[in-house]
Amino acid sequence: MNEIMLYSEASQCLLCQDPSCSAACDKGVDCGRILRALNFRNLEGAARLYGSDSCAACSSPECEKACTRAALDRPVAICRTMRELSKEKAPEKAADAEKMLETEFCGIKIRNPFLLSSSVVSSNYEMVARAFDMGWGGVCFKTIGLFVPDEVSPRFGALAKEASPMIGFKNAEQISDHTLEENLSFIRQLKKDYPDRLIIASIMGQTEEEWEELARLMEENGADILELNFSCPQMVGEGMGSDVGTNNELVARFTAAARRGSSLPILAKMTPNITDMTEPARACVEAGADGLAAINTVKSVMNVDLHSFVSAPNISGASCVSGYSGKAIKPIALRFISDMASDEKLKGLPISGMGGIENWQDAAEFIALGCQTIQVTTAIMQYGYRIIDDMIEGMCDYLREAGMDNISQLVGKGLNGLASADDLDRGSIEYPRFVRSRCIGCGRCFVSCADGGHQAITLSETDGRPVLDVNNCVGCQLCRLVCPAAAIDAGARVPKKKSA
């Protein structure tokens, strides 16, 4: 319950740029920073930041009086959160964090695997330099072409759920809105000023000649790696965007053209708007790609306004199918990543993964399924470059607890846990186990089982807590997933009863 309370209350924090709560605390507790660490699942880091229980005797919490959230509904329960945090262990910060995160990608040594992805978060020198100063290990610079696109306004939409204003994000952005000359100057200056950071140049052409020319220019101006954007779902113009990524012949031709123009390592950025990503990925590799990047955004229509009947974003009374990103696409991304990492013809190739990564746990899952680097966009757009602090700290704590000296040891660890549906254990049932000491008697498990399961739960007449009917239970564990108090664990696994 302690951890649930910590994360639940921290999620109420608005993550202010300059937290008024921290400034108001007369005990010097940086509560705003601590709440931010909790938001990004950096529990041990939050405990270290808090240190001793400074809030235990606080009778007049100035931090809560200053909380910006109060202008919306109520202040965050900062003092209670800090007191609960004092119960958590606060191990020493990893002294060898830099060494733990150093790795190689496409033969290039990098300080950490956390990269800005090719998007609005990486579209000019000043932005990327600021991110590098904060600790990001590299950038995939926003896609460069031989033309400057005409963009729409507005160009973003967000999918909300309950109290969360953005679980999914939609954009109608195209490639870089800077000229070719400006983009080349950004890359040259970044490489000069940050020689130890990975510079990936994302490019997109319309013809073989354009792909070859762009590849040559990126190498001449200091890029370390090329990323071929075969997957933007809202590009205007023939021969561009995600439709290219579904055409094996086209991706092979364009990859070969880029290879003719440059000797740099090449990543092919694949589209998820396809059933089997491995087919075009193989075509790219056979044509000269050294690695893969995935996934780009998912084609979507979002938020139809029931007054105007136009979906978001409403651009002068119309919208279009365009790219969906954010936390909601993470399971889709992990599926495609695992497909490619397990494919016999693609196995062992470098993969840069993206799609719904917000915190160190998300990043660790991508790496465990075969990625050597990860790229982030939507989380930065929502929370800023500062999320890197908790990504680095949380990842280092995890690696140490898992007995790993370096993040490269995590790569592919989760692939053996995937099997075909035919090979799964179908001869036993794992029953749920109700932990009565944690149960709060809300009845959510009963409702879900009755209306979406197998009617295997009743509520006790004495205390309103759940009782399992093992004769009806099939072990689906829907009840465990919906429990808000984490009061249902995995129970005993037993052989299925054989039918008479």
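Arg-493 is partly exposed at 47% relative accessibility, where partly exposed runs between buried, under 20% relative accessible area, and exposed, over 50%, with a 1.4 Å probe and protein chains only. Its partner is Glu-430: the two form a salt bridge, closest N and O atoms 3.9 Å apart. By salt bridge I mean a side-chain nitrogen of Lys or Arg within 4 Å of a carboxyl oxygen of Asp or Glu. Glu-430 sits in strand β15 and Arg-493 in strand β18, 63 residues apart. Strands are DSSP runs of E, at least two residues; helices are runs of H or I, at least four; both are numbered from the N terminus. Glu-430 is partly exposed too, at 23%.

A word on the source. This is a predicted model, with local features needing pLDDT of at least 70, side-chain atom pairs pLDDT 80 or more, and totals for chains, interfaces and linings using all residues. Residues are numbered from 1 along each chain as its sequence is written, and side-chain values use heavy atoms, without hydrogens and water.

Which residues bridge α14 and α15? Lys-330 of α14 and Glu-365 of α15, so the pair ties together parts 35 residues apart in sequence. The N to O distance is 3.0 Å. Lys-330 is buried, at 12%. Glu-365 is partly exposed, at 34%.

Now a local pair. Glu-62 bridges to Lys-65 at 3.2 Å. They are three residues apart in helix α5, so about one helical turn separates them. Lys-65 is exposed, at 56%.

There is also a network: Arg-48, Glu-393, Asp-397 and Arg-400 are linked by salt bridges. The whole structure has 37 salt bridges.
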